[in-house]
Structures are given as structure tokens and as C-alpha cells.
Amino acid sequence: MLFLNWYAGNLEAKELRSAVAHLEKSTDELIDQININYENALLVSEIGQAVNNKADIDGVLKSVVHSLQKRFDFDRGLYRK
């Protein structure tokens with residue numbers, strides 16, 4: 001009887017560890033998605049401000065490219081007039 005209680009407790013602990021690991025993974029994925037959404041919202045806000053505050057197209061494009069460089073990991077781009 002003692003062995004059965006120990007075995008059942010062991011199985012329950014294993015299931016609980018698995019459930020906690022799954023919750024941890026889900027939480028990490030949600031936090032990553034929240035960070036992505038936040039960065040996208042900041043980018044849209046910066047682009048909106050650039051369009052609203054600049055009078056010429058070159059100024060708008062420079063501001064947009066600067067915002068893109070700041071928010072995304074790239075160091076080159078192509079712009080054609």
C-alpha cells in the first residue's frame with residue numbers, strides 16, 4: 001500500500017511539473033507577442049507623427065526610415081524616386 005501511495009504521488013508530481021512547464025512556455029510566448037505588439041504600436045505612432053509634422057516628402061521618408069531602423073534590425077534599404 002505504501003508503494004502505491006508513493007507511486008501515485010510521483011505520477012501526480014510529474015503531471016504537475018508538466019502542467020507548470022506548459023504554462024511557463026505559454027506565458028513566455030504571450031509576453032513575446034505583447035512586446036511585438038508594443039513595438040509595432042510605437043512604430044505606427046512614430047510614422048504617424050512623421051507624416052503629421054513634416055511638410056516635404058523627403059522629410060517624411062527620412063523620419064520613417066529612421067523609425068524603421070530603430071525598431072527593426074537592419075542597416076540598409078532602397079529608396080527610389
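Trainee: Before we start, how do you know which residues and atoms count here?

Mentor: This is a predicted model, where local features need pLDDT of at least 70, side-chain atom pairs count only at pLDDT 80 or more, and totals for chains, interfaces and linings use all residues. Residues are numbered from 1 along each chain as its sequence is written, and side-chain values use heavy atoms, with hydrogens and water left out.

Trainee: Thanks! Why is the contact of Arg 71 with Glu 39 called a salt bridge?

Mentor: The term asks for a side-chain nitrogen of Lys or Arg within 4 Å of a carboxyl oxygen of Asp or Glu. The closest N and O atoms of Arg 71 and Glu 39 are 3.0 Å apart, so the pair meets the rule. Arg 71 lies in helix H2 and Glu 39 in helix H1, so this bridge ties together parts that are 32 residues apart in sequence. Helices here are DSSP runs (H or I, at least four residues), numbered from the N terminus.

Trainee: How many salt bridges does the rule give?

Mentor: Three. Glu 46 takes part in a bridge with Lys 70, at 3.2 Å from N to O. That pair links distant parts of the chain, with Glu 46 in helix H1 and Lys 70 in helix H2, 24 residues apart. Glu 46 also meets Arg 71 in a salt bridge, at 2.5 Å from N to O. Because Glu 46 lies in helix H1 and Arg 71 in helix H2, that pair joins parts 25 residues apart in sequence. Together, Glu 39, Glu 46, Lys 70 and Arg 71 are linked in a network of salt bridges.

Trainee: Is Glu 46 buried or exposed?

Mentor: Buried means under 20% relative accessible area, exposed means over 50%, and partly exposed lies in between (1.4 Å probe, protein chains only). Glu 46 has 16%, so Glu 46 is buried.

Trainee: What makes Phe 3 and Tyr 7 a stacked aromatic pair?

Mentor: Rings of Phe, Tyr and Trp (its six-membered ring) pair if their centres lie within 6.5 Å; planes under 30 degrees apart count as stacked, over 60 as edge-to-face and the rest as tilted. The structure holds two aromatic pairs. For Phe 3 and Tyr 7, the values are 6.3 Å centre to centre and 20° between the planes, which gives a stacked pair. Being four residues apart in helix H1, Phe 3 and Tyr 7 are separated by about one helical turn. Ring pairs also link Phe 3, Trp 6 and Tyr 7 into a cluster.

Trainee: Why is Phe 3 called exposed?

Mentor: Phe 3 has a relative accessible area of 55%, so Phe 3 is exposed. Tyr 7, at 42%, is partly exposed.

Trainee: And which residues gather in a patch of negative charge on the surface?

Mentor: Glu 24, Asp 28, Glu 29 and Asp 32 do. Patches are made of residues with over 30% relative accessible area and no salt bridge, with like charges joined within 9 Å and nonpolar side chains (Val, Leu, Ile, Met, Phe, Trp, Tyr) within 5 Å. Asp 32 lies in helix H1, which covers residues 2-53. With 47% relative accessibility, Asp 32 counts as partly exposed.

Technical notes:
Areas by Shrake-Rupley, 256 points an atom, 1.4 Å probe, with all protein chains shown as cover. Lys, Arg positive; Asp, Glu negative; His and termini not counted. Charge placed at Lys NZ, Arg CZ, Asp CG, Glu CD. Helix = DSSP H or I, 4+ residues; strand = E, 2+ residues; numbered from the N terminus.
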